[in-house]
Structures are given as C-alpha cells and as structure tokens.
Amino acid sequence: QVQLVESGGGLVQAGGSLRLSCAASGRIFITYAVGWFRQAPEKEREFVAAINWNGRSTYYADSVKGRFTISRDNANYTLYLQMNSLKPEDTAIYYCAASTASTYTPSNQYTQSYKYEYWGPGAQVTVSS
C-alpha cells in the first residue's frame, strides 16, 4: 500500500507556471505507474498525464500536450507535474494517482481512472485571466 500527498498548487495568472509534486510513502512506489488527474467544478474527473514505472514512457491528454511535463524521481519517491502556459480552463483540483501496474500497453489505458488504486487528497490550482 502507498499513500500519496500533493503539494505546489496555488493561484497563478494566465500564461504563468506551477509545479505540482506528489510525495509517496513507500519504496513500492518505484514499481508503480503513476499519473495526474484533475476535476473542475461541476465537471467529471479527467486524465491529465501519466508515466510508467521507470519514467521512459509518458502519456498526455491532448489539452495539455506541449504545455505540461510529467516526471518522477524514484530515488525520492516523488512524482512531478510541470505546468507551463497555464490557461483559466486549467483551473481544477489536481490529483496524484498510482497504479499497481508498472506500465500499460497501449498507452491510452493510462487515461482510465479505475486502473489507479491509490489517490492523493488533491491540490487546488487556480488560473486567473
């Protein structure tokens, strides 16, 4: 079992940047595929980005491709999401999630939230226009 805690959220102007972090509690984290999801007010939770266990495979939602970068530091059990060129429509609660699978093929399976067994409590990101 692993516990996840997000940090780094906040308020930023459109065009700005933020970096989210997700700290995991156990070494088993390094064997898991992990990802970011987000949920805006009155909308369903949606996939943002995912990365496999060794960081060599990443997958992004079309809405963030080219602006967001997912990465992981297995030595420190931490997941990151670098968010650049932020837009007001990126405003949401961002959740870190971990799957006991190490990788998914084809990559679009990363988008399925039910494949992730562990979730963090979320971090608010607000982008003002």
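Author: Let us begin with contact, which means heavy atoms within 4.5 Å. Apart from residues up to four places away in sequence, Lys115 touches Ser99, Tyr104 and Gln109. This is a predicted model, in which local features need pLDDT of at least 70 and side-chain atom pairs count only at pLDDT 80 or more, while totals for chains, interfaces and linings use all residues. Residues are numbered from 1 along each chain as its sequence is written, and side-chain values use heavy atoms, with hydrogens and water left out.

Reader: Which residues form a disulfide?

Author: A disulfide is a covalent bond between the sulfur atoms of two cysteines. The criterion here is a pair of cysteine sulfur atoms within 2.5 Å. The structure holds one disulfide: Cys22 and Cys96 form it, with their sulfur atoms 2.1 Å apart. Cys22 lies in strand S3 (residues 18–24) and Cys96 in strand S9, so the pair ties together parts that are 74 residues apart in sequence. Strands are DSSP runs (E, at least two residues), numbered from the N terminus.

Reader: Is Arg67 buried or exposed?

Author: Buried means under 20% relative accessible area, exposed over 50%, and partly exposed in between (1.4 Å probe, protein chains only). Arg67 counts as buried because its relative accessibility is 11%. Its place is in the loop between strand S6 (58–60) and strand S7 (68–73). Beyond its neighbours within four places in sequence, the residues in contact with Arg67 include Gln82, Met83 and Asp90. Both Cys22 and Cys96 are buried as well.

Definitions and conventions. Helices (H or I, at least four residues) and strands (E, at least two) are DSSP runs, numbered from the N terminus.
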